[in-house]
Amino acid sequence: MSELKLAFSPPSINHSKFTISLFGICTTIVLIGILVLPSGSLALGTNSLSEINWILTAICLSVLLGVLSAAHLASDASPNLSGIRRLLLFIVLLIATNLSIRVSLPLLTESSSDLDIFVALPISAFALVATVLLGFNTGILSTLISSLVGVFVIASLPNSEAADVVLIFSTITGGGLSASFVALGAKRINDYLRGGFTIAGVILLSVAFSLPLSREFEPSQFISVGVAAMINGLLSATVGVGIYNVLSRPFGIITRVELMELAQPGTRLLRQMQEQAPGTYAHATAVADLASRGAAEIGADEQLVRAGGMFHDVGKLFRPDFFIENRDTDQSENPHDALDELQSTRVLHGHVAKGIERAREENLPEAVIRFIPEHHGTTYPAFFYRRALEKDPNIDQSKFRYPGPAPRSRETALVMIADGCEAAVRASSDRSSDQVLAIVKSIIRDRLEDGQFDNCDLTVRDIRTIEKAFTSALVAAYHPRIEYPEDVSNSDNLLRDQD
Ligand SMILES: [Fe+2]
Ligand SMILES: [Fe+2]
């Protein structure tokens with residue numbers, strides 16, 4: 001996703017003209033509602049301009065911001081705002097942020113010193129949430145909208161002076177932008193909490209310049225504004241983390257922190273894998289390490305790849321003994337001996353269906369579940385197919401192919417490649433860098449020629465980068481060379497491992 005970048009990554013989205021128009025119209029209507037509808041002491045036009053002038057200006061501003069939002073959606077090909085639920089989430093955040101500004105400012109402007117309280121309000125939390133759940137660009141857009149709404153509202157209030165307008169603009173813009181940058185860089189919950197101090201520092205710096213502009217300026221205001229900025233920063237970070245945790249699942253979004261936590265060894269499913277299928281667990285860990293290293297090199301979603309790598313073979317928990325990595329090397333009985341090639345293939349295929357089932361029971365996010373069918377795509381277990389071919393030259397290859405689909409993202413393609421490379425290099429007796437490079441190249445070439453990367457956005461440059469990254473990681477992982485028992489380095493078993 002980072003989606004955190006946070007969400008699931010490419011394929012990129014081309015929004016329809018209808019969706020773009022609807023998004024712009026909804027944003028406009030929401031803003032008109034927030035700016036124009038309130039009455040009584042909250043009504044517009046309480047200073048020198050007439051109410052009708054303010055209403056017309058509010059409508060113009062709302063239309064302008066609606067067009068800006070539509071332009072954002074039209075130009076943003078990332079999937080952050082794809083689907084009606086995400087668009088709805090944007091509208092929910094839009095209402096929450098701008099309504100807070102609209103209601104609080106008139107109530108706080110009885111005397112200008114009360115605006116210090118506005119500096120303390122954790123409005124930046126919404127920019128943080130928008131960035132985590134909908135992407136960096138959308139976070140910046142939401143800050144831009146709320147800054148202009150804040151400036152408009154404060155300017156419409158009686159006795160507001162230029163210094164107040166600058167103060168409101170600086171607070172919302174400084175806080176919102178810094179919150180988005182904090183969210184962009186955060187990998188763990190603690191990063192957000194530490195980021196609270198960054199948000200506070202940026203707000204203080206932004207606001208400090210506006211204070212001396214005020215007619216009622218007193219130097220002691222620096223202290224009160226400093227305290228207010230600190231409250232804002234810390235509250236924005238903690239409230240923001242709370243809100244995005246509550247909102248992420250109902251809106252079908254997986255956050256980066258959630259992905260990090262999923263891939264931790266202590267989770268129930270991974271512990272179960274460690275106990276019941278230790279070989280598969282070791283393989284999954286190696287695949288996750290390898291694939292996430294490749295993801296870092298080509299700019300794919302590292303956390304998503306790591307989580308996907310950890311769970312890609314979870315279906316092997318169902319019948320662990322049928323998979324070479326879980327059998328003792330001196331174990332004489334091979335359960336496949338009692339089956340013909342097609343039966344063995346069906347058992348191997350079963351780990352995909354069972355894996356999806358198990359992952360759903362454990363409530364794993366759909367973005368992670370996709371790795372289970374896509375890491376095999378529509379490949380086939382070569383060992384059993386070749387053996388069947390020896391017996392019957394007319395055997396139908398399609399019967400041996402996994403149901404797929406082939407990888408639909410660079411992330412699942414990375415796990416497909418890492419899966420093949422890890423098993424092949426582990427089983428090879430020669431792990432010199434030349435040999436490892438040859439293995440990696442042949443795995444990638446085979447899958448490429450088989451059409452497995454036809455539905456994802458891997459470029460030739462990505463493939464070259466992956467080859468280099470995987471080779472150096474695998475050479476480092478298997479150095480110094482350890483003698484493996486004969487049985488494991490046998491090429492037949494290697495092929496069986498490509499289940
Ligand atoms: Fe597998
Ligand atoms: Fe695997």
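Guide: Start with helix H19 (residues 433-449) and helix H20 (residues 460-477). Their axes come within 9 Å and cross at roughly 140°. Keep in mind that this is a predicted model.

Visitor: So how are H19 and H20 set, in a word?
Guide: Oblique to each other. The cut-off matters here: an angle over 145 degrees would count as roughly antiparallel. The crossing angle of H19 and H20 is roughly 140°.

Visitor: Which hand is the crossing of H19 and H20?
Guide: Right-handed.

Visitor: Which residues make the contact?
Guide: From H19, they are Ser433, Val436, Leu437, Val440, Lys441 and Ile444. H20 brings Ile463, Glu467, Phe470, Thr471, Leu474 and Val475.

Visitor: And how do those residues of H19 and H20 divide by class?
Guide: Eight are nonpolar, two polar and two charged.

Visitor: Let's zoom out. How many helices and strands does the protein chain have?
Guide: It has 22 helices and zero strands.

Visitor: What share of the residues counts as buried?
Guide: 48% of the 499 residues.

Visitor: Pick a residue for me. What about Ser124, buried or exposed?
Guide: Buried. Ser124 has 34 other C-beta atoms within 10 Å, and 20 or more is enough to count as buried.

Visitor: Where does Ser124 lie?
Guide: In helix H5, which covers residues 124-134.

Visitor: What is Ser124 in contact with, leaving aside neighbours within four places in sequence?
Guide: Gly175, Gly176, Ala179, Ile199, Asn232 and Ser236.

Visitor: Take Ala179. How many residues apart in sequence are Ser124 and Ala179?
Guide: They are 55 residues apart in sequence. In space, C-alpha to C-alpha, Ser124 and Ala179 are 6.1 Å apart.

Visitor: Back to helix pairs. What angle do H12 and H18 pack at?
Guide: About 130°, with their axes 8 Å apart. H12 is residues 278-298 and H18 is residues 410-427. That angle makes H12 oblique to H18.

Visitor: Which hand is that crossing of H12 and H18?
Guide: H12 passes H18 in a right-handed crossing.

Visitor: Which residues of H12 and H18 make the contact?
Guide: H12 gives His283, Ala286, Val287, Leu290, Ala291, Gly294, Ala295 and Ile298. H18 gives Arg410, Glu411, Leu414, Val415, Ala418, Asp419, Cys421, Glu422 and Ala423.

Visitor: And by class, what does the contact of H12 with H18 have?
Guide: It has 11 nonpolar, two polar and four charged residues.

Definitions and conventions. Residues numbered from 1 in each chain as written. Chains lettered and ligands numbered in written order. Predicted model: local features only at pLDDT ≥ 70, side-chain atom pairs only at ≥ 80, totals over all residues. Axes fitted to C-alpha atoms, helices over the stretch in contact; angles between N-to-C directions. Helix = DSSP H or I, 4+ residues; strand = E, 2+ residues; numbered from the N terminus. Parallel < 35°, antiparallel > 145°, perpendicular 65-115°, else oblique. Left-handed = near helix turned anticlockwise from the far one by under 90°. Contact = placed C-beta atoms within 7 Å. Nonpolar A, V, L, I, M, F, W, Y, C, P; charged D, E, K, R; others polar. Buried ≥ 20, exposed ≤ 12 C-beta atoms within 10 Å, placed from the backbone.
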